[in-house]
Amino acid sequence: LQSEDSDKSSAESDSETEVEQVSGYHKLLATLKTSPESESEEEEDESESEEAEESEAEIDSEGSQEAGEAEGGEEDENDVPDEEEATDTAEQMLSQEQADGTDTSCDPRHGVIEEFTDVKHESEFSLETNFMEEESGDCNADRRDSNPFKQHMDKELEEKEIEKMSTLPKTSSQSQWPRLGQVIFSSTLEKPKSLKADKEVDVKQLHLHKPLESTWPKVNKQFLSAVDKPTDSSFTPLQRELFCIMNSYRDLFYPEGNALTNGEEIRLAYCLHALNHVLKANAQVLSNNAKRRDRKPGTDTDDHRDQGLTRPKVLMIVPFRECALRIVHIFISLLEVNDKKKIDVSNKKRFKGEFGSDPEEKPPNLKRPEDYEAVFAGNIDDHFRIGVAILQKSMRLYAPFYSSDIIIASPLGIRTVIGAEGEKKRDFDFLSSIEILIIDQADIYLMQNWEHVLHLMKHINLLPLDSHGVDFSRVRMLNLNNWSKYYRQTLLFSAVQDPQINSVFNKHCFNYIGQVAVRNVPLTGSISHVVVQLPHVFRRLEADSVNSVIDARFQFFIDKVLPEYRDAIMSHTLIYVPSYFDYVRLRNYFKKEDLNFTHICEYTKKAAVCRARRFFLKGEKQFLLFTERFHFYKRYTIKGIRNLIFYELPTYSHFYSEICNMLKATDSGVDATWTCTVLYSKYDAQKLATVVGIDRTAQMLQSKKNVHLFVTGEN
């Protein structure tokens with residue numbers, strides 16, 4: 001992948017390990033980018049079971065249609081092989097979940113397609129053999145003492161400072177910013193201080209690489225029409241404050257990114273920062289190449305340490321190919337000074353073909369919420385990786401990793417290269433000198449496979465196992481000392497504050513300058529968007545620790561909650577389960593107890609989904625177990641719900657109101673009997689606040705009694 005040989009070995013590794021049964025997760029993804037035949041089935045299903053009011057005749061016709069589908073495959077509602085093998089032990093469930101690492105970018109039935117890398121333009125984009133072009137250089141700018149890039153990378157840490165960061169806790173302070181809100185700054189080396197946002201930003205004072213000063217205002221123009229202050233001609237208020245933090249090279253966690261509202265705004269800001277960093281780093285190398293070429297024999301060259309142990313400097317983790325496509329388009333726009341000065345982009349046509357999408361692929365009459373359409377726009381394949389090399393006025397797509405400046409990949413794409421312990425063919429040396437790590441839309445990885453993100457964090461900034469032809473006289477001492485992780489800047493963007501995402505930011509970010517996290521508390525919760533008259537009962541369970549809460553929740557449910565719903569009068573009960581592991585555990589318990597139930601998860605086949613929905617609507621099945629990941633990827637309206645149980649609070653707060661509002665889909669005139677029960681513990685404070693608001697959360701956590709809330713539909 002990174003060189004011709006390693007690319008071949010990667011392809012061989014893929015062929016050995018990945019030509020196997022496609023996982024249920026990827027079957028699910030395949031239904032999102034459907035073929036013409038399956039599109040028509042999807043449209044029929046939607047029109048029958050969601051958009052039209054279902055009569056008995058319609059339900060029967062839907063059932064017979066799906067039965068016809070099932071005849072060919074001998075499917076049964078419970079015939080979900082990926083699920084059935086899972087047991088109640090977390091280890092076995094986890095191994096099942098990790099089996100999601102199969103390649104969807106090529107069809108196993110036709111064999112693995114060898115991954116393409118551009119080897120033709122190697123010398124043209126080599127940092128070692130090229131020199132700075134005078135007109136495009138930013139050499140003088142890079143010498144300025146106030147240049148954030150130089151300040152950050154040239155700082156020489158001492159052993160005692162490294163020891164402090166490894167042993168001492170961080171101290172923190174907080175301040176209020178106009179747009180970001182509550183900002184928490186934490187650091188081990190720096191004393192607590194209040195960070196202040198720049199009120200105005202002059203592009204010329206940001207020390208951007210020369211071309212970017214003129215291109216940024218043009219590229220960002222689309223977002224500036226809504227800016228209140230016309231005096232600030234280049235950044236929106238959000239971008240100004242985010243870029244102020246990025247440009248200081250501190251780590252940043254911003255948990256309020258949203259694909260529908262500010263996602264593109266944020267993407268433009270971090271692309272500007274990443275490109276500025278790469279252009280400055282490469283300009284420094286090319287400038288020093290010229291100095292070394294012109295130096296007198298015997299001159300000491302130790303002051304030309306300007307590189308890492310491997311070339312890749314920026315790693316960008318994004319969920320779908322569409323995101324990678326947009327990033328590359330932003331890079332091209334930022335590098336093209338005007339229409340006359342087009343940059344040369346190698347393999348551009350191939351890139352558009354592999355990362356673009358056909359607008360006609362998507363069925364035109366499927367109705368989904370706006371946020372769903374924003375997340376799943378374009379090519380939503382989640383297995384990809386691509387190297388990008390940038391040199392002055394040219395860009396090379398599909399560069400081998402060891403010749404790349406920027407790597408754009410999905411968690412699954414990077415995971416299949418890193419490999420696992422014990423595998424013969426694996427590679428993570430290219431991650432050794434990453435200086436900026438950008439993880440965008442982190443919440444989506446919770447819906448994919450979070451283990452891939454954790455696996456990446458364990459393998460970044462390690463000493464490489466091979467030299468890869470590096471000139472050690474040019475390598476910075478920080479890299480030789482294995483201190484790269486203390487200089488790496490991590491930019492983490494998410495739509496939610498989740499404990500797993502918080503953990504990555506707190507435990508895997510070691511930046512010596514410190515960390516900045518935006519921590520706003522929701523004043524009102526998503527419960528205010530529930531439009532049906534519904535009593536909400538929040539039942540508190542007790543647990544001794546975070547680790548024991550999973551078992552405590554299960555025991556509380558089967559001992560205290562489930563007995564109240566066993567009576568036939570409590571039929572039409574939907575149980576919403578965020579965790580797949582919890583879902584498997586409940587499903588197995590329900591089977592053992594011989595309860596009258598059906599179930600839908602992300603691995604359930606389409607015919608079984610339709611059958612389960614029909615059985616539940618008609619009351620033939622009393623319970624429906626329903627996973628959050630299925631709702632995330634499909635967003636079907638489930639009809640026939642009379643009783644709701646949230647086994648755990650949803651990851652996305654708006655899913656709470658969405659699920660509650662499904663009750664209005666059944667116009668049966670029995671709304672007085674509707675119920676909603678929510679299980680929570682003191683460890684669910686963040687999620688609870690997004691549902692009921694911060695004030696109610698404080699009261700609920702102080703009281704150990706069950707809390708009854710009644711929503712009138714006008715709140």
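Q: Which residues in H18 do Pro411, Leu412, Ile414, Arg415 and Ile418 in H16 meet?
A: This is a predicted model, where local features need pLDDT of at least 70 and side-chain atom pairs pLDDT 80 or more, while totals for chains, interfaces and linings use all residues. Residues are numbered from 1 along each chain, and side-chain values use heavy atoms, without hydrogens or water. Helices (H or I, at least four residues) and strands (E, at least two) are DSSP runs numbered from the N terminus, and contact means heavy atoms within 4.5 Å. These H16 residues meet His452, Val453, His455, Leu456 and His459.

Q: Are H16 and H18 parallel or oblique to each other?
A: H16 (residues 411-418) and H18 (residues 450-459) have axes 9 Å apart, at an angle of about 50°. Axes are lines fitted to C-alpha atoms over the stretch in contact, with angles from 0 to 180 degrees between N-to-C directions. Under 35 degrees counts as roughly parallel, over 145 as roughly antiparallel, 65 to 115 as roughly perpendicular and the rest as oblique. The two helices are therefore oblique.

Q: Which residues in H22 are buried?
A: The buried residues of H22 (residues 549-561) pack against E12, E13, H23, E16 and E17. They are Val549, Ala552, Arg553, Phe554, Phe556, Phe557, Ile558 and Val561.

Methods
Buried < 20%, exposed > 50% of the residue type's maximum accessible area, 1.4 Å probe, protein only.
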